[in-house]
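Please read the following walk-through with the model open beside it. The text goes from one chain as a whole to a single residue, and then to the contact between chains.

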Amino acid sequence: MTSSQHSTAAASGALSLRTEFGEFEVPSRDIIAFPNGLPGFERSRRFVLLSAGLQAPFQCLQSVEGPGASFVVVDPRWVLDSYRAVLSDMDRFRLGATPDTPLLWLAIVILASDGEAYANLRAPVVVNPETMIGFQIMPPDSLYPLRHPLPRE
Amino acid sequence: MLVFTRKLNEAIVIGDGVEVRVLRIGRDNIRLGVTAPASVPVHRLEVYEQIRRENQMAAEALRSQTGLDRLRGSKPEQS
């Protein structure tokens, strides 16, 4: 690991967070709870979404408790116009959402050793901004690939 | 590993409220029905493992800064 991810709680209800992209003050209300963590990072339960340091539309989904759980993410609809993921009733219930709740969809970006960048459209991260709860969902019958090439500008 | 012999429509219970029932027995496969509380995610193992590997690779690439240049903004700024 290069720099250590590090966070300290401040009295103001803000976290000071050291990341690959610099240091940030993150208000507690910006913390997204992932009750199951993410596959491979089951113990990382609290994340923030950072925009600084990356070119739009890319953002960083960063664990505030480490170790090393941070991901470049992007709107899957930016990757693929026609992207339509289906959320199961169970996943919607876990998110504390109704069918009308606007949800935030994020695809994890994979920077592969071949130099190509891909987005994981098979298992997107979904966040309910009203409850600040998130999950990486794994729809059993998804038609989308684990690695969809990112559009080249 | 615990090993059970179950017949069609028989089940086992795991922990608090997870039930796994044999719904159909085919020649090469069996069909299982899983009943679990909403807080317990259930996935096919190979799908979960695949996604776990992709996540680990995604995080590792970010840690080692591999190929990050094309995604990086001009200058990190304080938010």
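pLDDT is the predictor's confidence in each residue, on a scale from 0 to 100. The model shown here is predicted, and for chain A the mean pLDDT is 86, with 90% of the residues at 70 or more. Residues 1–5 of chain A stay under 50 in pLDDT, and the model gives them twelve contacts beyond four places in sequence.

Chain A contains two helices and eleven strands. Along the sequence, their order is β-β-β-β-β-β-β-α-α-β-β-β-β. The C-alpha atoms of chain A occupy a box of roughly 45 × 40 × 25 Å along the principal axes. A compact globule of 153 residues would have a radius of gyration near 15 Å, and chain A agrees because its own value is 15 Å. Buried residues make up 39% of the 153 in chain A. Taking the contacts in chain A between residues at least 6 apart in sequence, 49% link residues at least 24 apart.

One position in chain A can be followed in detail. Arg122(A) lies in strand E9 of chain A. Is Arg122(A) buried or exposed? Arg122(A) has 22 C-beta neighbours inside 10 Å, and the cut-off for a buried residue is 20 or more, so Arg122(A) counts as buried. Beyond its neighbours within four places in sequence, Arg122(A) is in contact with Ser142(A), Tyr144(A), Pro145(A) and Leu146(A). Ala107(A) is 15 residues away from Arg122(A) in sequence, and the C-alpha atoms of the two are 8.6 Å apart.

Helix H1 of chain B covers residues 45–63; at 1.5 Å a residue its 19 residues should span 27 Å, and the end C-alpha atoms are 27 Å apart, which agrees. Which residues of H1(B) are buried? They are Ile51(B), Glu54(B), Asn55(B), Ala58(B), Ala59(B), Ala61(B) and Leu62(B). These residues lie on the same side of H1(B) because they cover an arc of only 160 degrees around the axis. On the face of H1(B) turned away from that buried side are the exposed residues Leu45(B) and Glu46(B).

The contact between the two chains takes 28 residues from chain B and 36 residues from chain A. On the side of chain B that touches chain A, 13 residues are nonpolar, nine are polar and six are charged.

Methods. Residues numbered from 1 in each chain as written. Chains lettered and ligands numbered in written order. Predicted model: local features only at pLDDT ≥ 70, side-chain atom pairs only at ≥ 80, totals over all residues. Helix = DSSP H or I, 4+ residues; strand = E, 2+ residues; numbered from the N terminus. Expected span 1.5 Å × (residues − 1). Buried ≥ 20, exposed ≤ 12 C-beta atoms within 10 Å, placed from the backbone. Arc of directions from axis to C-beta. Contact = placed C-beta atoms within 7 Å. Nonpolar A, V, L, I, M, F, W, Y, C, P; charged D, E, K, R; others polar. Rg over C-alpha atoms; globule rule 2.2 N^0.38 Å.
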